[in-house]
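The entries follow the order in which I checked them.

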Amino acid sequence: MLANEEVTADGRSERGDFPVYRRPMKQWMLRITAYADRLVRDLDLLEWTDAIKAQQRNWIGRSTGARVRFDTPAGPLEVFTTRPDTLFGATYMVVAPEHPLVAALTTPDQRSAVDAYVASAARRSDLERQADAKEKTGVFTGSTAINPVNGEAIPIWVADYVLMGYGTGAIMAVPAHDERDHEFARAFDLPIVQVVTGPEGTDVQAEAHVGDGVAMASANAEISLDGLAVAEAKAAITEWLEAQGLGAGTVQYKLRDWLFSRQRYWGEPFPIVYGDDGEPRALPADQLPLVLPPMDDFSPKTSDDEDSEPEPPLGRVEGWSTVELDLGDGPRPYRRELNTMPNWAGSCWYELRYLDPTNDEAFVAPENERYWMGPQFDGDCGGVDLYVGGVEHAVLHLLYARFWHKVLFDLGHVSSSEPFRRLFNQGMIQAHVYRDERGFPVPADEVVADGEGYTYQGRPVSREVGKMGKSLKNAVAPDEMCERYGADTLRLYEMFGGPLDQSRPWDTTAVVGMYRLLQRIWRLFVDEDDGTPRVSDEAPSDDTLRQLHRTIAAVRDGMETLRFNTSIARITELTNHLTATYPDGGVPRAVGEPLVLLVAPLAPHIAEELWARLGNPDSLAYQPYPEAMDDLLVDEAVELPVSINGKVRARILVPADADASVLEQTARDDPKVAALLEGATVRKVIAVPAKMVNFVVG
RNA sequence: GCCCGGGUGGCGGAACAGGCAGACGCGGGGGACUCAAAAUCCCUUGCCCGAGAGGGCGUGCGGGUUCGAUUCCCGCCCCGGGCACCA
């Protein structure tokens, strides 16, 4: 048994190239659609990137519209539309090939054509249907429907551009205002009737007008939409349809219910058994957990028989697949559910288990959940403080886990309504991929660079950037760097390369920079020759103290925004300042100790070692992270640019709190500025305290 | 096609809220120390013109707003990711 994505375009299994038969199966579904609205709405509460939020919104695909009933010879045919305002422009209808009314709608003279079309559509995989989506195909059923707003008879077609899985599997086609319907109408020469005005030059016969406009040609004896804008027209016609009992406003989602069954061994077994009557029953709590039975052969049952019933591996476990149980009404025979749950079943709630891993009474004690994940202010959704993970989980894991968590919330098991308050998607360390003339990857570590380009075994190869992996022959392990420079250097180097969310190719050339930084820090504290500590108990200078506190503030900021590269840059600056100020040792302890603590999360080993050498008996892990003193963050004097007509011409030194008039006067007093202003007309002066001065000269 | 990101020196990347573009590191150039080398330290390094002082240009491209734009607005180009007949 395979999932759709494991089947190749030519209908064979990706692994092994076996023929694949499509087969409807009875499986467990979770009603994630019931949560669709909340899953969309609560995205607003999350600190996630807009990209991921947008992906989830698109995936859920909430759209508002109306359901409308059309009368047909086979009974009422209901459609979903987001544009009920264009009802007067509906010139035909389309049902999906799988629609239950297809047979009833088909007239005898169209029977063979429709049957052939439906059969060919059934044979084609979703993939194939998508592949040639450009070409619209379809067949007339022979029947017509009555457009409820104007009583017109419009033909009903079968076409595979309408999907059974969305809406009602049937549409009203408005070719004048829908691109797909327009294409179809042109292909089969169906009428195109404009009912919404477009901009100058709009010709709906040539191209559908999908945008805004004002309703036209949309009136019957009871209602007229003419003159109304799209939104108003929608509201008006929906109200009318509801009053007439012809339809109702509704919300539709692209999101489908969650197929939760897998036909393999590995996965949580469902605690469900079936009685003689075929009805499913849940195992009572005292018979949980249900664990997988031991097995030797996990492979699924194979068969070449196209009509054989698929059977999961668990079906072969005698004495497990059928059991005798007492579910309260005496011992009876039962068949177990043989499907297992998908991996998501575990990944949807594992974060909760970390809060209370040894609890064998509940998955998490309520007080633990409240402490770690509970809401922190009114209107807060709660959840883990920071979840770092890959973007590839944007719409599967992250949506499933949110749904799961909300179910637990509704059942009262958790106080947080979202699992992951803040999400951060880390980038990937990539690698160069080298390909020969045929486009095949060649081993990256055997490629040599000449001045011009790159060659492999003397032949030129192309270079691109890609994921690391075996198939691209470009994987590199960090082990060698770790061996040579140590784990601290490796850590710093990885963090210094750029922001965490960015992907970039692995490149080792700059690693010495971080190695040098650590050595400089080390030498600040330890004498190279005899290993003795070099710090002093002197008071640091005002300048050094300010530098320290600016560093603390900046490093903290980098930590909070997960931009460790900037934290490291600020630490480097402080280190450079200290080596220059105290070339022969004697860094004041009052500066040295905070520096070591700042370094600790980034390069923990060397920091811990230095902390001990500074004479501290306990681990620095028990120390609070340094805090910046606000009054030390501002300088007493600042150097500001003076520009004339926007070009920087000089710099002036002024007190940090100097006001605009002082700035202007100081600037005017500057000899260079004075020379440039001489004889010129100053039209305007902009002086922004602590920022700059600009003279506008005419 | 639609929706999201992103484009800054030779390279990785800074610039919190429209106010000194290029922090920090790598690489390059020059120097000190050394018998020599490594290591270390110092100076220098966006591009162009100029001997110099200095001047001009510069954040993908073209416009705009503003005293002032990497930052805001409009229109393009290129790269990366997602979705893809969802009515």
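Does Leu562 count as buried or exposed, and what is the relative accessibility of Leu562? I am working on a predicted model, and in it I found that Leu562 has a relative accessibility of 7%, so Leu562 counts as buried, the cut-off for that word being under 20%. I then looked up where Leu562 sits, which is the loop between helix H15 (542-560) and helix H16 (564-581), and I noted that its phi is positive, about 60°, although Leu562 is not a glycine. I wrote beside this that most residues other than glycine have a negative phi.

Next I turned to Asp189, which also has a positive phi, near 60°, without being a glycine. I located Asp189 in the loop between helix H6 (179-188) and helix H7 (230-244), and because its relative accessibility is 72%, Asp189 counts as exposed.

I then checked a peptide bond, and found that the one joining Leu288 and Pro289 is cis, with an omega of about -5°. Pro289 is placed in the loop between strand E11 (280-282) and strand E12 (322-326).

From H2, the residues Ile52, Gln56, Trp59 and Ile60 meet Leu398, Leu399 and Arg402 of H11. Sorting the residues of this contact, I got five nonpolar, one polar and one charged.

Methods:
Residues are numbered from 1 along each chain as its sequence is written. Chains are lettered from A and ligands numbered from 1 in the order in which they are written. This is a predicted model: local features need pLDDT of at least 70, side-chain atom pairs count only at pLDDT 80 or more; totals for chains, interfaces and linings use all residues. Side-chain values use heavy atoms; hydrogens and water are left out. Helices (H or I, at least four residues) and strands (E, at least two) are DSSP runs, numbered from the N terminus. Buried means under 20% relative accessible area, exposed over 50%, partly exposed in between (1.4 Å probe, protein chains only). Contact means heavy atoms within 4.5 Å. Ala, Val, Leu, Ile, Met, Phe, Trp, Tyr, Cys and Pro count as nonpolar, Asp, Glu, Lys and Arg as charged, and the others, Gly among them, as polar.
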